[in-house]
Amino acid sequence: MQTKTIKSGALLSASTITASMMLFAAPVQAEDWRGWNIHPPGYPNTVALEAFAEAIEEDTEGRVTARVYNNAVLGDQPDAIEQTRSGALNFANFNMGPMGPIVKETNVLSLPFIFDDVDHMHRVMDGEIGERFADALAEQNLIALSWFDSGARSLYNTEKPIKTPADVEGLKIRVMNNDLYVDMIESLGGNATPMAYGEVYQSLTTGVLDGAENNYPSFESSNHYEVVGYYSLTEHLIIPECLCIAKSSWEALSEEDQEIIEAAAIEASEMQRQLWVESSEESKQKVLDAGVEINEVEDKAEFQELMQPVYDDFIAENPELESLIEDIRSAS
Ligand code: GTR
């Protein structure tokens, strides 16, 4: 018995040696990365992610190959965040909204009207404060290499134009997965329903929902505009998005490849931001042509004032984040 074990043990190590010799002789195995994307082909983020995938393959000379999976086919956003944190997915473009329950600092970016406009958001995210958010994400195994735009989100619904908060009263509004948005809609007198993005279209057609909120490109590309007649420019949320890499995938790279991939991510964000501006205009025109009524909100202050309890509750629950809110405000 003893002899047999030793014999097969010896045999095993001999074959292991042969296998590892073969490995050394063979070319280094490429890393095949899978990337998550919620949007359809042609959307600015999709175009930029696909350019990113191509660039890293070319610039690493095939050491890393990457493929983008569109339309959230690999899971809805909260699920994809978990998959990327665990390394089951290698990269993704995430909105900071559904990130809040995992990286609590990012909730600050989901406070209604925290940014005055998109330029203010850029100044914050492209500077030192953006690095603080990237550090917080890294603690949860997500390496944020660059920031994408997501414009301003406005309310839309099947019933009527929203001109004052009183118009929101009683409306069933879909929100992204984050309790802050439930507080936000309830503070306006509406009923908030957290729901996965991909389920909203059908819920609007069946009347489970009266409305939702999003930017022009998503309002258009999700086809919600086909069933919703009113888009009201509340512009209550300006939420940045990340191009994030799974920490385990990042750490498996050589320093040289990390530099290459970081540069590609920054280029992708520049491309996305440029495409974003064009696409917002095109989407606006498309929904107007389809007959959607778009209205300005004359007195946004009315909406802003009602958000005070959302801020008060948030600060009461997260006193350590108050200074971050102040830093963002003073960068305006
Ligand atoms: C879009 C955003 C997506 C997703 C979606 C939603 O604007 O780019 O990542 O968050 O909104 O409402 O779920």
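## Overall picture

Of the 332 residues of the chain, 41% count as buried, where a residue is called buried if 20 or more other C-beta atoms lie within 10 Å of its own, exposed if 12 or fewer, and partly exposed in between, with the C-beta atoms placed from the backbone. The model is a predicted one, in which local features need pLDDT of at least 70 and side-chain atom pairs count only at pLDDT 80 or more, while totals for chains, interfaces and linings use all residues. Residues are numbered from 1 along each chain as its sequence is written.

The secondary structure of the chain comes to 13 helices and eleven strands; these are DSSP runs numbered from the N terminus, with helices being H or I runs of at least four residues and strands being E runs of at least two. The C-alpha trace of the chain spans about 85 × 45 × 40 Å along its principal axes. Among contacts between residues at least 6 apart in sequence, 76% join residues at least 24 apart, a contact meaning that the C-beta atoms of two residues, placed from the backbone, lie within 7 Å.

Five strands form an open sheet in the order 2-1-3-10-4, and their pairing is mixed; two strands pair if DSSP finds at least two bridges between them. Strand 2 (64–69) and strand 4 (142–148) stand at the edges with a single partner strand each, so one side of each is left without a neighbour in the sheet. From one strand to the next, the twist averages 25°.

Within this sheet, strand 1 (residues 31–36) and strand 3 (residues 91–95) pair in the parallel sense over two bridges, and Trp 36 has Ala 92 in strand 3 as its bridge partner. Helix 2 (residues 44–59) packs on the sheet, where it touches strand 1, strand 2, strand 3, strand 4 and strand 10 (241–246), and its direction makes about 165° with that of strand 2.

## Two buried residues of the sheet

Cys 244 is found in strand 10, and this residue is buried because 29 other C-beta atoms lie within 10 Å. Not counting residues up to four places away in sequence, Cys 244 touches Thr 84, Phe 91, Ala 92, Phe 94, Leu 137, Leu 142, Ile 143 and Ala 144. From C-alpha to C-alpha, Cys 244 and Gly 42 are 20 Å apart in space, and they are 202 residues apart in sequence.

Asn 95 lies in strand 3, and Asn 95 is likewise buried, with 25 other C-beta atoms within 10 Å. Leaving aside neighbours within four places in sequence, Asn 95 is in contact with Gln 77, Ser 150, Ile 239 and Glu 241.

## Helix packing

Two packed helices are described by the angle between their axes and the distance between the axes. Helix 2 and helix 10 (residues 255–289) pack at an angle of about 155°, with their axes 8 Å apart; axes are lines fitted to C-alpha atoms, for helices over the stretch in contact, and angles run from 0 to 180 degrees between N-to-C directions. That makes helix 2 roughly antiparallel to helix 10, since angles over 145 degrees count as roughly antiparallel, under 35 as roughly parallel, 65 to 115 as roughly perpendicular and the rest as oblique. The residues of helix 2 that meet helix 10 include Ala 48, Phe 52 and Ile 56, and among those on the side of helix 10 are Ile 261, Met 271 and Trp 276. By class, this contact of helix 2 with helix 10 has 16 nonpolar, three polar and two charged residues, where Ala, Val, Leu, Ile, Met, Phe, Trp, Tyr, Cys and Pro count as nonpolar, Asp, Glu, Lys and Arg as charged, and the others, Gly among them, as polar.

Helix 6 (residues 179–187) and helix 12 (residues 308–317) pack at an angle of about 150°, with their axes 9 Å apart. Leu 180, Asp 183, Met 184 and Ser 187 of helix 6 make the contact with Pro 309, Val 310, Asp 313 and Phe 314 of helix 12, and the residues of this contact divide into five nonpolar, one polar and two charged.

## Strand 9 and its partners

Six of the eight residues of strand 9 (residues 230–237) are buried, so strand 9 is largely enclosed by the rest of the structure. Strand 5 (residues 153–157) runs antiparallel to strand 9 and is joined to it by four bridges, with Tyr 230 in strand 9 as the bridge partner of Asn 157. Four bridges also join strand 9 to strand 11 (residues 293–296), and these two strands run parallel; here Tyr 230 stands opposite Glu 293 in strand 11.
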